Amino acid sequence: MIRRAQEKDLQRVNDLLHQVLEVHADGRPDIFIHGTKKYSDEELLKIFEDDKRPVFVYEDDGGIVQAYAFCIFEETKNVANLRDMLTLYIDDICVDQNCRGQGVATKVFEHVKKFAQEKNCNRITLNVWEMNPGARKFYEAMGMKPLKTVMESLLP
């Protein structure tokens with residue numbers, strides 16, 4: 001079952017956020033700090049209630065949250081050189097490391113896509129780190145294509 005996150009999901013969402021952080025910290029320790037949290041519990045609970053920042057969770061048959069998708073509505077309106085549009089930005093998707101390869105991420109992504117369509121969004125966007133080629137391959141399999149590229153030059 002996929003549904004909006006609730007207070008009762010706080011610990012499992014924190015566990016999954018930790019898994020994502022560790023993947024990023026392993027890949028880019030110059031940016032991410034091992035063992036830290038992206039959000040405080042209070043921030044998470046506020047996000048769970050915010051309709052402009054929906055968080056979806058996937059529960060397995062035993063009622064355990066095994067995945068999430070953090071989303072943010074972004075609206076471009078009355079900008080001189082841009083078309084008006086409503087975008088659903090996927091800030092973060094995570095599937096528990098013990099459930100990967102079972103189609104859970106596809107179910108979560110398809111749920112988010114359907115939700116975006118129901119809300120009359122023009123598109124879905126997200127960022128994927130270059131040090132995570134598996135994630136990029138998954139998003140491409142979901143029909144996503146690069147929109148733009150952020151480049152960097154590390155300075156001594």
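Student: Which elements do the buried residues of H1 pack against?

Tutor: Please keep in mind that this is a predicted model. The buried residues of H1 pack against H2, E2, E3 and E4.

Student: And which residues of H1 are buried?

Tutor: They are Leu-10, Val-13, Asn-14, Leu-16, Leu-17, Gln-19, Val-20, Leu-21, Glu-22, His-24 and Ala-25.

Student: How far apart are the end C-alpha atoms of H1?

Tutor: They are 26 Å apart. At 1.5 Å a residue, a span of 26 Å is what the 18 residues of H1 should give, so the two values agree.

Student: Stepping back, how many helices and strands are there in the protein?

Tutor: The protein has four helices and five strands. Their order from the N terminus is β-α-α-β-β-β-α-β-α.

Student: What share of the residues counts as buried?

Tutor: Of the 156 residues, 37% count as buried. The accessible surface comes to about 10,200 Å², and 51% of that belongs to carbon and sulfur atoms.

Student: Now H3, please. Which of its residues are buried?

Tutor: In H3, the buried residues are Val-104, Ala-105, Val-108, Phe-109, Val-112, Phe-115 and Ala-116. Seen down the helix axis, they fall within an arc of 130 degrees, so they line one face of H3.

Student: Why would residues three or four places apart point the same way?

Tutor: An α-helix has 3.6 residues a turn, so residues at that spacing point the same way.

Student: What is on the face of H3 turned away from the buried side?

Tutor: That face carries the exposed residues Lys-114, Gln-117 and Glu-118. The buried residues of H3, for their part, pack against E1, E2, E3, E4, E5 and H4.

Student: Which residue with a positive phi follows H3?

Tutor: H3 is followed by Asn-120, whose phi is near 60 degrees. Asn-120 is found in the loop between H3 and E5.

Student: Is Asn-120 buried or exposed?

Tutor: Asn-120 is exposed, with a relative accessible area of 63%. Asn-78 also has a positive phi, near 55 degrees, and is found in the loop between E3 and E4. With a relative accessible area of 68%, Asn-78 is exposed.

Student: Where do Phe-32 and Trp-129 lie?

Tutor: Phe-32 lies in the loop between H1 and H2, and Trp-129 in the loop between E5 and H4, so the pair ties together parts that are 97 residues apart in sequence. Trp-129 counts as partly exposed, at 34% relative accessibility.

Student: Which residues do ring pairs link into a cluster?

Tutor: Ring pairs link Tyr-39, Tyr-68 and Phe-70 into a cluster.

Note on methods
Residues numbered from 1 in each chain as written. Predicted model: local features only at pLDDT ≥ 70, side-chain atom pairs only at ≥ 80, totals over all residues. Heavy atoms only, no water. Buried < 20%, exposed > 50% of the residue type's maximum accessible area, 1.4 Å probe, protein only. Helix = DSSP H or I, 4+ residues; strand = E, 2+ residues; numbered from the N terminus. Arc of directions from axis to C-beta. Contact = heavy atoms within 4.5 Å. Phe/Tyr/Trp six-rings, centres within 6.5 Å; stacked < 30°, edge-to-face > 60°. Areas by Shrake-Rupley, 256 points an atom, 1.4 Å probe, with all protein chains shown as cover. Expected span 1.5 Å × (residues − 1).
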